[in-house]
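Here is a short briefing for a reader meeting this structure for the first time. Keep the model in view while reading the points below.

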Amino acid sequence: MIKEWQMEFPRLVISVHGGIQNFKLPSKLLQLFSKGLVKAAETTGAWILTEGINTGISQHVGNALKFHASQYLRKIYAIGISPWGIIENQKELIGKDVVCLYQTLGNPLSKLSTLNSMHSHFILVDDGTVGKYGSEMKLRRSLEKYLSLQKIHTSKKSLFCITSVRTSFSASCWMIPPMAGMGQGVPLVGLVVEGGPNEILTVWEYVRDTPAVPVVICEGTGRAADLLAFTYKHTADDR
């Protein structure tokens, strides 16, 4: 990616997880999420990972970049990792070393999804399935793991990146687990907004990983995020 796409090496990876269907956020939370995410990425040189589609949490990330990213600060790399089998207008994307004109307006009756145009790069994962999610997660976790093992220049900068994400969001966000014991590679942070059973499973995998991956839970966004925040707050005394 750095060689072929000339991307800057990340000093932080923010992996954003949430519902793939459209959902609304309270206006105050939406502003806090959008501004906090963009600020964290701009000030740390982070890569943002999402599903890259034009619905759900990926659309919220795209809107955050559209309305809050500064043209005067560093470029934000938002990478959409999507299953090939759920992408609408696929044929427009086929080619090698060509510029493709992609139609982001999808058919409202279609069960497929279009890509979000505010993402800077896309990785499309094809396992032969059509209309199903899941094939992209194995590659996404492998990429996250690979990046987390890459060394950056100083451990102080690593810690600064993680701390910046925590303080950029509001007090309604909860980070689990504590940051102690993290390695010296590129810091990885999970960010959960709304979501369902898959996001709960992802958080479980993150916190059981070695080393454990810190996760920011945005309370008040609904469903999985609220359940995880409630569980974390009410089991804090047991840790």
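In helix α6, the buried residues are Ala 224, Ala 225, Leu 228, Ala 229 and Tyr 232. They span an arc of only 130 degrees around the axis, so they sit on the same side of α6. Arg 223 and His 234 are exposed, on the other side of α6. The model is predicted.

**Helix α6 up close**

- α6 covers residues 223–234, which is twelve residues.
- From first C-alpha to last, α6 reaches 17 Å. That is close to the 16 Å expected at 1.5 Å a residue.
- Arg 223 lies in α6. Its phi is near 45 degrees, a positive value in a residue other than glycine.
- Arg 223 is also one of the exposed residues of α6, together with His 234.

**How α5 meets α6**

- Helix α5 spans residues 197–208.
- The axes of α5 and α6 are 8 Å apart, and the two helices pack at an angle of about 45 degrees. That angle makes α5 oblique to α6.
- The crossing of α5 past α6 is right-handed.
- From α5, the contact is made by Glu 199, Ile 200 and Val 203. From α6, Ala 224, Leu 227 and Leu 228 take part.

- A loop runs between α5 and strand β7, and β7 covers residues 215–218.
- Pro 211 is found in this loop. A cis peptide bond joins Thr 210 and Pro 211, with omega about -5 degrees.
- Val 213 is in the loop between α5 and β7 too. Is Val 213 buried or exposed? Val 213 is buried, because its relative accessible area is 5% and buried means under 20%.
- Val 213 and Val 203 are ten residues apart in sequence. Their C-alpha atoms are 8.6 Å apart in space.

**How α1 meets α2**

- Helix α1 covers residues 27–44, and helix α2 covers residues 56–68.
- Their axes come within 9 Å and cross at roughly 70 degrees. α1 and α2 are therefore roughly perpendicular to each other.
- The crossing of α1 and α2 is right-handed.
- On the α1 side, the contact is made by Leu 30, Gln 31, Phe 33, Ser 34, Lys 35, Leu 37, Val 38 and Glu 42.
- On the α2 side, the contact is made by Ile 57, His 60, Val 61, Ala 64, Leu 65 and His 68.

**His 60 in α2**

- His 60 lies in helix α2. His 60 counts as buried because its relative accessibility is 11%, and the cut-off for buried is under 20%.
- Which residues does His 60 touch, not counting residues up to four places away in sequence? The answer is Phe 23, Leu 25, Leu 30 and Phe 33.
- Leu 30 and Phe 33 are among the α1 residues in the contact with α2.

- Gln 6 is found in the segment before β1. Its phi is positive, about 60 degrees, although Gln 6 is not a glycine.
- Gln 6 counts as exposed because its relative accessibility is 62%, and exposed means over 50%.
- Lys 24 is found in the loop between β1, residues 12–18, and α1.
- Lys 24 is exposed, at 82% relative accessibility.
- Lys 24 and Gly 222 are 198 residues apart along the chain. Their C-alpha atoms are separated by 9.4 Å.

**The chain as a whole**

- How many helices and strands does the protein chain have? There are six helices and seven strands.
- Along the sequence, the pattern reads β-α-β-α-β-β-α-α-β-β-α-β-α.
- The protein chain has 239 residues, and buried residues make up 46% of them.

Methods. Residues numbered from 1 in each chain as written. Predicted model: local features only at pLDDT ≥ 70, side-chain atom pairs only at ≥ 80, totals over all residues. Heavy atoms only, no water. Helix = DSSP H or I, 4+ residues; strand = E, 2+ residues; numbered from the N terminus. Expected span 1.5 Å × (residues − 1). Buried < 20%, exposed > 50% of the residue type's maximum accessible area, 1.4 Å probe, protein only. Arc of directions from axis to C-beta. Axes fitted to C-alpha atoms, helices over the stretch in contact; angles between N-to-C directions. Parallel < 35°, antiparallel > 145°, perpendicular 65-115°, else oblique. Left-handed = near helix turned anticlockwise from the far one by under 90°. Contact = heavy atoms within 4.5 Å.
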